[in-house]
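Let's walk through a structure together, one feature at a time. Have the picture open while you read.

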Amino acid sequence: LTDVHNPAQQAIVAAKPEGSQLVLAGPGAGKTRVIVHRIAWLLRECMVQPEEIMVLAYNRSAAAEIRSRLWQLVGQDPAGVAVQTLHGLAMRLTGTSYAVALEQGESINFSAVIRHATDCLQKAAPSGDGDDETSLARDRLLAGLRFVLVDEYQDINGDHYALISALAGRSLQAEHDRLSLMAVGDDDQNIYEFGGANVRYIRQFEADYQAQRFSLLENYRSTAHIIDCVAQIIAP
């Protein structure tokens with residue numbers, strides 16, 4: 001927390017590990033900064049193992065930025081933290097290899113892979129009737145995962161929503177079977193609607209996961225002149 005001076009950001013970084021959190025933040029409000037420092041806090045203050053944490057980013061560029069900033073902040077401590085895209089997660093869960101497909105001259109239907117990964121997680125979900133076999137199947141898929149942080153949650157579509165829900169165990173009865181989920185995004189932004197993204201998923205997150213809600217309102221990216229101008233344009 002020593003490098004985070006905004007009280008609103010501090011509250012998010014040090015929010016209790018249990019349960020889920022929703023962070024609504026506008027442009028330039030420090031969304032990536034909060035994610036990186038939250039991971040550092042879990043590692044350093046809560047003694048969470050790196051393998052128990054996963055960050056899901058919308059694209060490989062965002063994932064690379066998060067990895068870079070993590071290493072700059074806490075050195076080698078986050079070496080075991082999984083930082084990947086939703087497609088990367090789906091390929092990992094289903095054993096799909098891009099290299100093998102390329103070698104065989106095949107193309108990958110990424111939407112189908114995401115749906116397959118969701119199906120795998122749903123089939124492995126404990127039924128609540130004491131079925132140890134399904135519990136072990138989910139444990140094998142999660143490999144000790146306990147904390148998931150999702151960047152740019154407003155850009156997810158229906159398939160992404162289903163995958164994250166299955167991963168987090170949203171519908172599972174036992175609390176210990178559910179993962180701690182932090183979603184970060186801007187509910188006033190939706191630039192991937194052409195790809196099926198729908199802002200309603202971030203707007204219903206609080207109800208979906210009984211999440212604690214936080215807001216980041218201060219813009220660190222733009223000058224006051226730009227913000228004042230934009231405010232006048234969008235006011236009507």
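Q: How exposed is Arg115?
A: Arg115 is partly exposed, because its relative accessible area is 44%. Buried means under 20% relative accessible area, exposed means over 50%, and partly exposed is in between (1.4 Å probe, protein chains only). Keep in mind that this is a predicted model, where local features need pLDDT of at least 70 and side-chain atom pairs count only at pLDDT 80 or more, while totals for chains, interfaces and linings use all residues. Residues are numbered from 1 along each chain as its sequence is written, and side-chain values use heavy atoms, with hydrogens and water left out.

Q: Which side chain does Arg115 meet in a salt bridge?
A: Side chains of opposite charge can pair when their charged atoms come close. Here the rule asks for a side-chain nitrogen of Lys or Arg within 4 Å of a carboxyl oxygen of Asp or Glu. Arg115 meets Asp159 that way, at 3.1 Å, N to O. Asp159 lies in helix α8 and Arg115 in helix α6 (residues 110-123), so the pair ties together parts that are 44 residues apart in sequence. Helices are DSSP runs (H or I, at least four residues), numbered from the N terminus. Asp159 is partly exposed too, with a relative accessible area of 27%.

Q: How many salt bridges does the count come to?
A: The count comes to 6. One of them joins Glu65 and Arg69 at 3.5 Å, N to O. Those two are 4 residues apart in helix α3 (residues 60-74), so about one helical turn separates them. Glu65 is partly exposed at 38%, and so is Arg69 at 28%. Another salt bridge links Arg213 with Glu206, and its closest N and O atoms are 3.5 Å apart.

Q: What about aromatic rings: how many pairs does the structure hold?
A: A pair of aromatic rings is described by the distance of the centres and the angle of the planes. Rings of Phe, Tyr and Trp (its six-membered ring) pair if their centres lie within 6.5 Å; planes under 30 degrees apart count as stacked, over 60 as edge-to-face and the rest as tilted. This structure holds 3 aromatic pairs. Tyr161 and Tyr201 are stacked, with 4.7 Å centre to centre and 20 degrees between the planes. That pair links distant parts of the chain, with Tyr161 in helix α8 (residues 158-168) and Tyr201 in helix α9 (residues 200-203), 40 residues apart. Tyr161 counts as buried at 11% relative accessibility, and Tyr201 counts as buried at 8%.

Q: Are the rings of Phe205 and Tyr209 stacked or tilted?
A: The pair is tilted, because the ring centres are 4.6 Å apart and the planes are at 35 degrees. Both residues lie in helix α10 (residues 205-209), 4 residues apart. Phe205 is buried at 0% relative accessibility. Together with Tyr153, Phe205 and Tyr209 form one aromatic cluster.

Q: Which residues have the most contacts inside the largest nonpolar core?
A: A nonpolar core is a set of buried Ala, Val, Leu, Ile, Met, Phe, Trp, Tyr and Cys residues joined through side-chain atoms within 4.5 Å. The largest one has 37 residues, and Leu56, Tyr153, Leu163, Ile164 and Leu167 have the most contacts inside it. Helix α8 gives the most to this core, with 6 residues. A second, separate core has 30 residues, including Trp41 and Leu216.
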